[in-house]
Structures are given as structure tokens and as C-alpha cells.
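Dear colleague,

Please find below the structure that I am handing over to you. My notes on it follow directly after.

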Amino acid sequence: MEPHDAKWTYAITSHLGCTRYEFIVAGEHETSWRFIAHSGNDFALNVSANDRTKLGGMGYMWKDIMQKHSEVGYFHAQLGMGSQIYADRLWKEIPALRQWTGISGKENRKAAQWTAVLEEEVLNAYFHYYTSHFDQPHVKEAFAQIPYVLNIDDHDM
């Protein structure tokens with residue numbers, strides 16, 4: 001264990017080149033951790049695309065976090081308290097899920113057939129949504145440089 005903060009460096013190499021990142025690990029005797037906690041790392045379903053743009057998009061918050069990260073001498077950790085994304089919109093955007101929610105009666109929905117085609121459609125939509133969400137510039141920089149623990153809730157699924 002290090003008695004003081006330690007800076008760790010790692011690199012990701014791909015066909016696009018090599019990107020280097022650093023993060024800080026709190027020392028064994030560190031008593032003043034610098035951390036952030038967040039919830040709702042996305043816009044709710046009822047916020048229009050136009051309003052999201054007017055507000056600067058979800059990356060606006062992460063741009064501010066990265067600025068504070070530098071100003072305070074780096075955060076030791078980030079705690080995601082749920083709703084890293086609002087996947088609720090997928091229930092309206094994926095035709096198969098929209099069709100399933102249109103089935104009346106809980107027992108009828110339980111009995112509805114789940115096919116390989118539906119599985120692929122839903123998995124592809126979720127995969128795209130998650131990867132595009134966390135691939136936004138300030139978001140990916142924050143997650144690459146501030147160690148994190150994320151809790152999931154109903155909006156993430």
C-alpha cells in the first residue's frame with residue numbers, strides 16, 4: 001500500500017493508435033477522498049431531442065466534471081447511483097418490445113413467444129444504445145480517468 005496518492009497510467013492500443021490515460025489511487029493513509037456521486041446520467045424519456053440539445057446534451061455535465069477533476073487535483077472515485085442510461089426509451093423504439101407491451105393482460109404477455117429474431121433485435125438495440133452512450137467524448141474521458149462503481153436500477157435495463 002502506498003502511504004500517499006499514487007498516479008497510475010495505462011494505455012489502450014488499437015488500429016487507431018495508442019491512447020494513454022491516468023487515474024489516481026488514494027493512499028493508505030488518505031483521509032480526504034475526493035469523489036463524485038451521480039444518478040440520472042441521461043435524459044428522461046419525456047425530454048425531447050430538441051430540449052436535450054438546448055441543454056448541451058448529457059456530455060455537458062461530464063465536461064464540467066472533467067474540469068472539476070483537474071481543478072481539485074483529481075477525483076479518487078465516482079459512484080453511479082443508478083440510471084447510467086435511461087433505457088426506457090427502448091421500450092418505445094424497438095418494434096418487438098413496443099408490440100409486446102401492446103399485448104393486453106399480464107398472462108398473455110407471459111405466454112408470448114420470445115424468438116431468436118426478437119432476441120437479436122433487442123440485444124443489438126441495447127448494445128448500440130449502451131456503446132453509443134458511453135462513447136461520447138466527455139463521458140468516455142471521465143470513465144477512463146476516474147475509477148468507478150456503478151449501481152444499476154430499473155432505467156438501466
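**Strands and sheets**

In strand β2, Ile24 is the bridge partner of Lys7. Please bear in mind throughout that this is a predicted model. The pairing of Lys7 with Ile24 belongs to an antiparallel arrangement in which nine bridges join strand β1, residues 6-14, to strand β2, residues 17-25. Two residues lie between β1 and β2, and the two strands form a hairpin.

There is also an open sheet of three strands, with the order β3-β4-β5 and parallel pairing. Its edge strands are β3 (35-38) and β5 (148-150), each of which pairs on one side only. On average, neighbouring strands of this sheet are turned by 10° against each other, direction ignored. Strand β3 runs parallel to strand β4 (residues 77-80), and four bridges join them. Within this pairing, Gln78 in β4 is the bridge partner of Ile36. As a general point, side chains in a regular strand alternate between the two faces of the sheet.

**Aromatic residues**

Seven aromatic pairs are present in the structure. One of them is formed by Trp62 and Phe143: the ring centres are 5.4 Å apart and the planes stand at 50°, so the pair counts as tilted. Trp62 belongs to helix α2 (residues 59-71) and Phe143 to helix α7 (residues 137-145), so this pair ties together parts that are 81 residues apart in sequence. Both Trp62 and Phe143 are buried.

Phe143 also pairs with Phe134. Here the ring centres are 5.4 Å apart and the planes are at 85°, so the pair is edge-to-face; the cut-off for that class is an angle over 60 degrees.

**A charge over a ring**

One further contact concerns Arg109 and Trp100. Arg109 lies over the face of Trp100, at 5.7 Å from the ring centre.

With kind regards

Methods. Residues numbered from 1 in each chain as written. Predicted model: local features only at pLDDT ≥ 70, side-chain atom pairs only at ≥ 80, totals over all residues. Heavy atoms only, no water. Pairing = 2+ DSSP bridges. Axes fitted to C-alpha atoms, helices over the stretch in contact; angles between N-to-C directions. Phe/Tyr/Trp six-rings, centres within 6.5 Å; stacked < 30°, edge-to-face > 60°. Buried < 20%, exposed > 50% of the residue type's maximum accessible area, 1.4 Å probe, protein only. Lys NZ or Arg CZ within 6 Å of the ring centre and 35° of its normal.
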